[in-house]
Amino acid sequence: MSKKTLRLCVWMALVIFVGALVAGCGAASKKTVAGVSDNSIKIGSFMALSGPVAAVGVPVKKGLEAYIQHINDQGGVNGRKIELIIEDDQFNPANALAAVKKLVEQDKVFAISPALGTPGVLATLDYLADKQVPFIYPMTGASQPAYPFKKNTFVVQPNYVDEGKILTQYAADKMSAKKVAVLWQNSDIGKQGLEGVKAQLAKANVQLVYDGAHDVKDVDFSTHILKAKEAGADSVILYTVVGQCAGILKEAQKQGYKANFLTTYVNSDLNLVKLAGDAANGLVIGGWASITDLNDANYKKFVELYQKYNKTTETPSGYATAGFIAGEILVEALKRAGKDLDREGVIKALESFKGFNGILAQDITYTAESHVGVKYLILFKVENGTIVQISTDKFTLKQ
């Protein structure tokens, strides 16, 4: 081989080596992110779509899908369509954990958003924190997703403990309460709500004269109402779910018990009014989004999108609004995270929320130190068979 030929071979080999090196660097520079492709983002979710809690889960799903389809019809987020993979956990914690493991390990979703129900949320909380999968809007008022702080978890609605404190203070300040009773379901809803009431008694200068627990399947509340009445409770705080809340109100009406009744935002749904009838009139309900004004432009927009994408003329329930809000928060976080999307980026994007407002989402704020989006209540009242907002004030804790 001549020297000229040898030099040519060496030069060509060098060109091939450098080309391969550059190509390799280019491939390495394009990071692989779970659930993210050039044109799509996979988002996982779980909720009860069958079984006794499907009456909550199905509307949540309808509200969520309506907003996501609306966004996808506009081209998605930063050029990517959102692909929802929604699992039915039947409100069963074992099913929820199995579903989340499938979503993360097999479907390779980018994030979980939202997830419905205290049992499933608590069953999956540690797993998702360990995997550092963004967990956006665990739909529960239990305090565990918020405290202690978890870098990957972003809570939206207030927790039951804080809500119990606010309802107690409101009863004292606005209803002149002096003696309160708490009727509570023997679950996280009731236990943590009762904890909040007890924590605020001294600051509100009120006395707890009776607290009575009921099982999740109980339908007879006559003894509880009788005992609250005999104890002289002028205000009764109800920490239970829609069906049992309605049953308690009807029993109070039957016994002629005229106390002030207040309840958790879990019951901010017109199904309560349908079940309780006129026994619900006067009930004060916690809430965190102003969504009862049928003439409000934002609420009208929500109804329009809900009906369009669900091909229905039905009026959406309060649970559908929660699903819709979940979609708003997710999409805003993805937008702020930018085209070069990764999990750390979406966490930082969420931490940039300072009073974020969407169509229904209101005043959502996160920081690097607090992933609790809402720390206030907007209060509502049942009047003449409908739910109306008492005032535009946002009630926070009295320190």
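Mentor: The expected span of a helix is 1.5 Å times one less than its number of residues. Helices (H or I, at least four residues) and strands (E, at least two) are DSSP runs, numbered from the N terminus. This is a predicted model, in which local features need pLDDT of at least 70, side-chain atom pairs count only at pLDDT 80 or more, and totals for chains, interfaces and linings use all residues. Residues are numbered from 1 along each chain as its sequence is written, and side-chain values use heavy atoms, with hydrogens and water left out.

Trainee: How many helices and strands does the protein have?

Mentor: The C-alpha atoms fill a box of roughly 110 × 45 × 35 Å along the principal axes. The protein has 12 helices and 13 strands.

Trainee: How far apart are the end C-alpha atoms of helix H10?

Mentor: Helix H10 covers residues 297-310, which is 14 residues. At 1.5 Å a residue it should span 20 Å, and this agrees with its end C-alpha atoms, which are 20 Å apart.

Trainee: Within what arc do the buried residues of H10 fall?

Mentor: Buried means under 20% relative accessible area, exposed over 50%, and partly exposed in between (1.4 Å probe, protein chains only). In H10 the buried residues are Tyr299, Phe302, Val303, Leu305, Tyr306 and Tyr309. Seen down the axis of H10, they line one face of the helix, because they fall within an arc (of the directions from the helix axis to the C-beta atoms) of 165 degrees.

Trainee: Which helices do the buried residues of H10 pack against?

Mentor: On the other side of H10, Ala297 and Lys308 are exposed. With contact meaning heavy atoms within 4.5 Å, the buried residues of H10 pack against helix H2 (54-73) and helix H11 (318-337).
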